[in-house]
Amino acid sequence: MKAPAVSPPTRAVLNFTHKCALACEWCYVPFGTPAAERDVVKRIVDRLSFFGFLQLTLGGGDPFQYSFLPEIAIAARKAGLFVQIDTHGKSMVPNHLNER
């Protein structure tokens with residue numbers, strides 16, 4: 001019997017797990033990891049696009065605690081990825097909204 005064809009993944013989830021402004025008791029994210037670096041995250045976005053991913057979810061923690069988040073989201077959109085941002089919204093400030 002031939003094994004069924006497996007479709008490649010089309011969605012990636014990138015969680016920023018360095019910190020979060022909340023301490024929700026139901027949260028599954030293991031905080032306390034090293035802080036995300038802008039250049040590393042940008043290279044990940046480039047690779048996801050290269051490998052044919054269609055969607056990117058940026059989550060956390062709270063990705064808005066990283067000042068480079070808007071730049072990453074814009075780069076992902078320019079690379080053809082649909083971008084979803086999971087956030088509790090506590091860290092959103094006006095200069096991160098409607099920037100571009």
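These notebook entries record what I looked up in a predicted model of one protein chain.

**Entry 1. Conventions**

I number residues from 1 along each chain as its sequence is written, and I leave out hydrogens and water, using heavy atoms for side-chain values. Because the model is predicted, local features need pLDDT of at least 70 and side-chain atom pairs count only at pLDDT 80 or more, while totals for chains, interfaces and linings use all residues.

**Entry 2. Overall layout**

I took helices (H or I, at least four residues) and strands (E, at least two) as DSSP runs, numbered from the N terminus. The chain holds two helices and three strands, and their order along the sequence is β-α-β-α-β. I noted the span of the C-alpha trace along its principal axes as about 55 × 35 × 20 Å.

I then looked up burial, where buried means under 20% relative accessible area, exposed over 50%, and partly exposed in between (1.4 Å probe, protein chains only). Of the 100 residues, 30% count as buried.

For contacts I used heavy atoms within 4.5 Å. Among contacts with a separation of 6 or more, 76% join residues 24 or more positions apart.

**Entry 3. Strands 1 and 2**

I checked the pairing of these strands, which requires that DSSP find at least two bridges between them. Strand 1 and strand 2 run parallel and are joined by six bridges. Val 13 has Thr 57 of strand 2 as its bridge partner, and Phe 16 stands opposite Gly 60 in strand 2.

In a regular strand, side chains alternate between the two faces of the sheet. I found the covered face of strand 1 to consist of Ala 12, Leu 14 and Phe 16, and the uncovered one of Arg 11, Val 13 and Asn 15. Strand 2 is largely enclosed by the rest of the structure, because five of its six residues are buried.

**Entry 4. Helix 2 and its cover**

Which residues of helix 2 (residues 69–78) are buried? I listed Leu 69, Pro 70, Ile 72, Ala 73, Ala 75 and Ala 76. Their cover includes strand 1, helix 1, strand 2 and strand 3 (82–85). After helix 2 comes Gly 80, with a positive phi near 90°.

I looked at Ala 76 of helix 2 separately. Ala 76 counts as buried because its relative accessibility is 0%. Leaving aside residues up to four places away in sequence, Ala 76 touches Val 45, Leu 56, Leu 81 and Val 83.

**Entry 5. Asp 46**

Asp 46 belongs to helix 1 (residues 38–50). Its relative accessibility is 35%, so Asp 46 counts as partly exposed. Asp 46 and Ala 75 are 8.5 Å apart in space and 29 residues apart in sequence; for Asp 46 and Ala 76 the values are 7.7 Å and 30 residues.

**Entry 6. The largest pocket**

I used a 1 Å grid over the protein atoms alone, on which a pocket is an open set of points where a 1.4 Å probe fits, with protein on both sides within 12 Å along at least five of seven lines, and lining residues have an atom within 4 Å of a point. The largest pocket has a volume of about 330 Å³. Cys 27, Tyr 28, Val 29, Gly 60 and Gly 61 are the closest to its centre among the 19 lining residues. Strand 1 (11–16) and strand 2 (55–60) are the elements that give two or more residues to this lining.

Is Tyr 28 buried or exposed? Tyr 28 is exposed, with a relative accessible area of 69%, and lies in the loop between strand 1 and helix 1.

How values were computed:
Grid points are joined across faces, edges and corners, and a volume is the space filled by probe spheres set on the points.
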